[in-house]
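Hi there,

Here is the structure I promised to pass on. Have a look at it first, and then read on for my notes.

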Amino acid sequence: MSGRPFLQIPGPTNIPERILRAMDRAVIDHRGAELPPLVFEIVGGLRRTFQTRDAAIALFPASGTGATEAAVVNTLNPGDRVLAFNHGAFSHGFAEVARRHGIVVDEVELSWDRGVPTDVVADRLRADAAHAYRALLVVHNETSTGATTDLAGIRRAMDAAGHPALLIVDAVSSLASLELRFDEWGIDVALAGSQKGLMLPPGLGIVCIGARALRRSEEVSTPRSFFDWRPVLKEMERGYFPYTPATLLLFGLREALRLLEEEGLSQVIARHRRLADAVRAAVRAWGLPIQCREPAEYSHTLTAVVVPEGTDSDAVRRAAEAHFNLALGAGLGRLAGKVFRIGHLGALNDLEVLATVAGAELAMTVIGMSVPLGAGVAAAQDVLLKRHLMPAPR
Ligand SMILES: *Cc1c(COP(=O)(O)O)cnc(C)c1O
């Protein structure tokens with residue numbers, strides 16, 4: 001198929017030309033003089049993206065799941081008790097990673113259509129007067145449902161209960177796209193990957209580590225080798241790594257952070273909100289429900305669209321791919337076949353969103369769903385036009 005493929009899944013995302021070009025170069029000696037300035041620039045840029053002044057940054061050649069494992073094995077011992085939540089495939093997966101390391105996980109069952117409610121956290125923490133919970137495992141943006149969790153509210157609930165648990169946050173699909181305030185929200189560990197808001201290929205696991213979590217990692221005795229962040233942090237302080245780093249990805253990451261800085265993080269966040277508003281307007285015009293039922297918790301990085309009973313959402317995805325070279329996200333876990341997901345994060349602009357909406361409309365029509373052709377595009381155009389309209393002449 002000629003023309004550019006539309007990769008509109010919620011990660012991996014499209015890679016801007018500038019990032020591709022930054023990675024298209026000779027591999028360097030990872031023990032040479034070129035590495036430290038690269039590493040130092042990356043650490044500075046990532047700190048600004050996590051909105052932290054001086055938290056530690058550890059990089060692993062791994063996917064986001066590797067960063068999850070690093071967060072768990074460095075802060076928790078087998079037998080420790082943690083509070084986790086099941087409101088989507090990724091929050092459940094987070095709990096599973098901890099469980100497989102022998103951690104006792106209280107996994108609160110929630111509906112798969114919203115974030116973690118602050119009052120549920122408050123109740124659980126109040127009931128834990130003995131402070132048995134060593135950590136809370138929270139997914140900031142549940143990528144399977146398109147619902148965000150109010151981390152500031154969770155921090156307030158923890159403070160109100162005077163609870164000393166660590167706040168460990170999966171920020172894989174929110175970093176560099178949604179407001180994420182590591183310092184202000186008292187996050188202890190935030191983990192991410194390279195292939196979502198950072199607009200890179202998959203392959204880098206990123207962990208942002210606060211002072212309390214650093215101290216805890218000196219005390220825990222969980223067996224760990226590759227994912228022990230202590231030797232990584234020690235070497236990164238000198239600009240190197242205790243393993244062979246994914247050198248070319250580091251060049252890409254530096255370029256991605258420069259792009260984010262040029263646009264400005266607050267503008268990047270505002271752009272994600274605006275494009276998400278346009279996609280949601282389109283879904284409403286189709287007459288289809290959005291999986292997240294709490295508007296205040298809508299994800300600005302993806303939208304899970306619910307298809308009518310008796311329709312297989314995967315058929316929409318297959319038609320979009322086969323007919324229009326458009327990749328949409330599948331329904332995950334218990335949402336398989338029930339929703340398809342539109343990714344609207346990373347490098348993305350107005351016209352790409354309109355093309356994506358048009359492609360989804362066409363694919364739904366191809367499989368026999370009755371959607372008013374053009375209605376979603378018009379609704380999205382309406383939202384996107386606002387910013388561009390000239391003030392009326394006086
Ligand atoms: C994508 C994603 C992951 C998994 O990351 P991988 O890079 O696929 O290992 C974890 N959590 C969330 C919220 C995600 O969106």
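This is a predicted model: local features need pLDDT of at least 70, side-chain atom pairs count only at pLDDT 80 or more; totals for chains, interfaces and linings use all residues.

- T143: an N or O atom of the T143 side chain is 2.4 Å from a ligand oxygen.
- Q195: here, too, a side-chain N or O atom is involved, and an oxygen of the ligand is 2.7 Å from it.
- G64: in this case a polar backbone atom lies 2.8 Å from an oxygen of the ligand.

On its own, the ligand has 380 Å² of accessible area, and the protein covers 86% of that. As for where the ligand sits, it is in the second largest pocket.

Now to the aromatic rings. The structure holds five aromatic pairs, and one of them joins F226 and Y243. The two rings are 5.8 Å apart centre to centre, with 50 degrees between their planes, so the pair counts as tilted. F226 belongs to the loop between α7 (211–219) and α8 (229–236), while Y243 belongs to the loop between α8 and α9 (247–263), so this pair ties together parts that are 17 residues apart in sequence.

Enjoy exploring it, and write back with any questions.

Best wishes

Note on methods: Residues are numbered from 1 along each chain as its sequence is written. Side-chain values use heavy atoms; hydrogens and water are left out. A polar contact is a pair of N or O atoms within 3.5 Å; within protein, one must be able to donate a hydrogen and the other to accept it, and residues adjacent in sequence count only if both atoms are side-chain atoms. Accessible areas come from the Shrake-Rupley method with a 1.4 Å probe; for residues, only the protein chains shown count as cover. On a 1 Å grid over the protein atoms alone, a cavity is a set of points where a 1.4 Å probe fits but cannot get out, and a pocket is an open set with protein on both sides within 12 Å along at least five of seven lines; lining residues have an atom within 4 Å of a point. A molecule sits in a cavity or pocket if more than half of its atoms lie within 2 Å of its grid points. Rings of Phe, Tyr and Trp (its six-membered ring) pair if their centres lie within 6.5 Å; planes under 30 degrees apart count as stacked, over 60 as edge-to-face and the rest as tilted. Helices (H or I, at least four residues) and strands (E, at least two) are DSSP runs, numbered from the N terminus.
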